[in-house]
Amino acid sequence: MFDQLEKFKQTSVTLKEATLANNKYPPLIETYIFILSYIALMLILALGTLVLTGGVPSGSDSYVLLTLGAFIVPIIVALFVITKVEKRSLRGIGFTRENIVSSLIKGFILGFGMFVLVVIIGMALGQYSFAGYDFSSLNLAVPYIIVFIIQPFAEEIYTRGWIIPLFSKNYSVFVAILVSTLFFVVGHVGNNGFNLVSIISLILFSILLSILFLKADNIWICGALHSAWNFTQSYLLGFNVSGIETSSILQFSQTTPNIINGGVYGPEAGLISLLVTFLAIIFVWKVDFNKKLF
């Protein structure tokens with residue numbers, strides 16, 4: 001497996017583009033620049049979120065939409081550092097010009113299918129049940145679609161598109177995945193209901209997306225999977241997503257919060273989600289994602 005990961009350096013156009021980046025910084029300096037830039041990115045995000053949500057009731061849909069929408073800031077900051085400081089092309093982040101639609105569809109199907117499988121297994125085990133529907137929140141469909149594109153794509157850009165090519169160039173692909181996973185987990189530390197199972201879940205989810213990023217050789221499919229997973233889990237089916245509660249069209253309820261169903265953090269902190277994510281890793285590792293859908 002480790003040998004196969006290193007082979008991505010020879011086969012991945014994204015990793016090759018990052019290696020060809022026209023800068024004169026040695027590896028250690030590039031690492032320092034990344035760490036400082038990342039800290040600045042998180043501080044700017046926190047400040048921007050405070051400004052946007054000032055006076056907005058915490059927990060309301062407006063608050064959630066503004067909080068998630070604020071992730072447009074990390075996108076801008078990360079792209080600026082990557083392209084202007086590291087001198088890396090957008091292709092060196094994973095933004096391909098070919099097969100965009102195909103990659104987005106594949107990612108959406110994967111993310112949607114994974115979470116639907118979580119719910120099906122949960123219902124079979126008596127952990128989840130259908131509680132009804134509420135079409136009064138249909139007016140929020142477009143805003144939630146937009147923010148659940150912005151926020152997951154932001155995370156994919158700075159944890160996959162930024163970190164993996166950079167650390168693969170200077171160290172190894174395995175180290176790059178470890179660093180990507182570390183920053184992905186740290187980004188969720190303050191979420192409601194964060195616990196040991198959610199940490200394991202985040203690690204597996206990061207490994208899944210990292211492998212997908214390397215195998216598909218683009219960021220589109222990762223962002224689509226992440227977006228579909230979050231949107232399906234929250235606004236579509238009514239579960240908490242990483243501890244965040246939103247309005248939803250369909251409503252599912254959990255039994256008494258436990259390690260199987262994920263409790264207040266949502267299904268992501270449950271054993272069912274761990275199983276599905278692990279199966280998805282095996283699936284992604286074996287499938288050729290470079291074949292066109294049409």
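Student: What makes Arg-160 count as lying over the face of Phe-184?

Tutor: In this predicted model, Arg-160 lies over the face of Phe-184, at 4.8 Å from the ring centre. A charge sits over a ring if NZ of Lys or CZ of Arg is within 6 Å of the ring centre and within 35 degrees of the ring normal. Local features here need pLDDT of at least 70, side-chain atom pairs count only at pLDDT 80 or more, and totals for chains, interfaces and linings use all residues of the predicted model. Side-chain values use heavy atoms, leaving out hydrogens and water, and residues are numbered from 1 along each chain as its sequence is written.

Student: Okay, rings next. Why is the pair of Phe-205 and Trp-229 called tilted?

Tutor: Rings of Phe, Tyr and Trp (its six-membered ring) pair if their centres lie within 6.5 Å; planes under 30 degrees apart are stacked, over 60 edge-to-face, the rest tilted. The centres of Phe-205 and Trp-229 are 5.4 Å apart and the planes are at 40°, so this pair is tilted.

Student: What makes Phe-205 and Trp-229 buried?

Tutor: Buried means under 20% relative accessible area, exposed over 50%, partly exposed in between (1.4 Å probe, protein chains only). Phe-205 has 5% relative accessibility, so Phe-205 is buried. Trp-229 has 1%, so Trp-229 is buried too.

Student: And why does Ser-242 count as buried?

Tutor: Ser-242 has a relative accessible area of 9%, so Ser-242 is buried. Its phi is near 50°, a positive value in a residue other than glycine.
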